[in-house]
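Biologist: Could you walk me through this model? I would like to ask about the fold, then the spaces inside it, then a few backbone details.

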Amino acid sequence: MRRFRRLLTLISILFLFAFSSCANYGFYQLLFGEEDVDERFSGFSDLSGETVLSSSLGLNGKYSFIVVTDVHIGASDVRSSKMNDFLDEISSLFESIDKTKIPRFIVNLGDTADGGHLSEYNDYNSYLEKIRKLAVEKNVVSSTEAFKIYTILGNHDLYNNGWTDWKKMVYPYKSTYYFSLSSGAADYDSLPFSFYFVDTGNGAFGTDQLDAFEKLLKSDPNPKMIFSHYPFYSDNVPFMALEDTTERNYLLSLFSKNNVKALFGGHVHTVFEHGFGSFSQINTSALFKNEAFRLVTVDESTLSVSTKLIGF
């Protein structure tokens, strides 16, 4: 009888938690109920050519871009002052004396909207337009359309059936995609880097995505970077990495055999790096909550990737 009462108490607490948070998160937070990754997956789209770097932008085959994660537009701690501070930091980077440190595009690792609401995606796009206009003002690109912000899904983006609006509102409007990118430097013989963006919004990879992803990696000789919302290793924070350890270990083995140089993750809201032999997982904390992002620099001559954590 006592155990039964404890069970009823636990159930009551869970339902109270669900009802108290459903105003912003809905029941997805408790039930994890929207369609899974296999139902979202429709193939990897090749976006090669949408981000183009001319040889004048790279010095000896080097270029940089920004990685942010866990933006959480709509959360109470995402204030306009923090958003303006980030714009100021980007403006300074756009004016870097070292041209290789000027960010040429941005990667967002998900949890863009705190509650998966359409209004949050609208606010996100309005904010991105400010960044694009700043890139034009600082002569990084010639038009706002030329400065790309690549975004992937996070678990918060799925709250309140957020995927329905996400795929209509958030560039590039796809949950899985990739592209190859070269600085165009001609003074050495090297391969361009390939960028792969995967869907781990449910904390899983899924059979269909894994099958297609494996074929792509094995057919691509380029050095690679992988971008995922959920990390593969969570620095021992419980329940914060991909759930299926067999799936996770298979993917890590696949990365080590197919010239992956770096694996980027978010979700945990903490900063850490973890080596897996030939590559490292690099985790970044929440953009506005923790006031930090990464500047990533690619060196095509050495086939290497380096990062710098920047606070603001």
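What follows is a set of questions and answers on this predicted model.

Biologist: How many helices and strands does the protein chain have?

Modeller: Happy to start there, and please keep in mind that this is a predicted model. The chain has 312 residues, of which 52% count as buried. Among contacts with a separation of 6 or more, 72% are between residues 24 or more positions apart. The secondary structure comes to 8 helices and 12 strands.

Biologist: Thanks! Which strands stand at the edges of the open sheet of 5 strands?

Modeller: The order in this open sheet is E4-E3-E2-E11-E12, and the pairing is mixed. A strand at the edge has a single partner strand, so one side of it is left without a neighbour in the sheet. On average, neighbouring strands here are turned by 25 degrees against each other, direction ignored. The edge strands are E4 (149-151) and E12 (304-311).

Biologist: In which sense do E2 and E11 pair?

Modeller: Strands of a sheet pair through backbone hydrogen bonds, either parallel or antiparallel. Strand E2 covers residues 62-68 and strand E11 covers residues 292-299, with 6 bridges between them. As one example to look for, Val-67 stands opposite Arg-294 in E11. The sense of the E2 and E11 pairing is antiparallel.

Biologist: Which helix lies across E3 and E4?

Modeller: Two helices are worth looking at here. Helix H4 (residues 80-94) lies across E2, E3 (103-108), E11 and E12, and runs at about 20 degrees to E11. The other covers residues 118-137 and runs at about 150 degrees to E4. The helix across E3 and E4 is H5.

Biologist: Let us turn to the spaces. Which element gives the most to the lining of the largest cavity?

Modeller: A search of the whole structure finds 1 cavity of 30 Å³ or more, and about 80 Å³ of space lies in the largest cavity. Its lining includes Tyr-124, Tyr-127, Leu-128 and Ile-131, along with Ile-106 and Asn-108. E3 and H5 each supply at least two residues of this lining. The element that gives the most, with 4 residues, is H5.

Biologist: How many charged residues are in the lining of that largest cavity?

Modeller: Val-68, Val-71, Phe-86, Ile-149, Leu-287 and Phe-288 are also among the lining residues. By class, the lining of the largest cavity divides into 11 nonpolar residues and 1 polar residue. The number of charged residues there is none.

Biologist: What volume does the largest pocket have?

Modeller: Let me describe its lining before the value. There are 12 lining residues, and the closest to the centre of the largest pocket are Tyr-230, Phe-239, Met-240, Glu-243 and His-267. By class the lining has 7 nonpolar, 3 polar and 2 charged residues. The volume of the largest pocket is about 230 Å³.

Biologist: And which element provides the largest share of the lining of the second largest pocket?

Modeller: About 180 Å³ of space lies in this second largest pocket. Of its 15 lining residues, Arg-132, Phe-147, Lys-148, Tyr-171 and Tyr-173 are the closest to the centre, and the lining divides into 8 nonpolar, 3 polar and 4 charged residues. The elements that give two or more residues are H5 and E4. The largest share, 5 residues, comes from H5.

Biologist: Is Asn-259 buried, partly exposed or exposed?

Modeller: Asn-259 lies in the loop between helix H8 (245-257) and strand E8 (260-265). Its phi is near 65 degrees, a positive value in a residue other than glycine. Buried would need under 20% relative accessible area and exposed over 50%. At 28%, Asn-259 is therefore partly exposed.

Biologist: Last one: what is the relative accessible area of His-269?

Modeller: His-269 is found in the loop between E8 and strand E9 (272-275). Phi of His-269 is near 65 degrees, again a positive value in a residue other than glycine. His-269 counts as partly exposed, and its relative accessible area is 22%.

Note on methods: Residues are numbered from 1 along each chain as its sequence is written. This is a predicted model: local features need pLDDT of at least 70, side-chain atom pairs count only at pLDDT 80 or more; totals for chains, interfaces and linings use all residues. Side-chain values use heavy atoms; hydrogens and water are left out. Two strands pair if DSSP finds at least two bridges between them. Axes are lines fitted to C-alpha atoms, for helices over the stretch in contact, and angles run from 0 to 180 degrees between N-to-C directions. Contact means heavy atoms within 4.5 Å. On a 1 Å grid over the protein atoms alone, a cavity is a set of points where a 1.4 Å probe fits but cannot get out, and a pocket is an open set with protein on both sides within 12 Å along at least five of seven lines; lining residues have an atom within 4 Å of a point. Grid points are joined across faces, edges and corners, and a volume is the space filled by probe spheres set on the points. Ala, Val, Leu, Ile, Met, Phe, Trp, Tyr, Cys and Pro count as nonpolar, Asp, Glu, Lys and Arg as charged, and the others, Gly among them, as polar. Buried means under 20% relative accessible area, exposed over 50%, partly exposed in between (1.4 Å probe, protein chains only).
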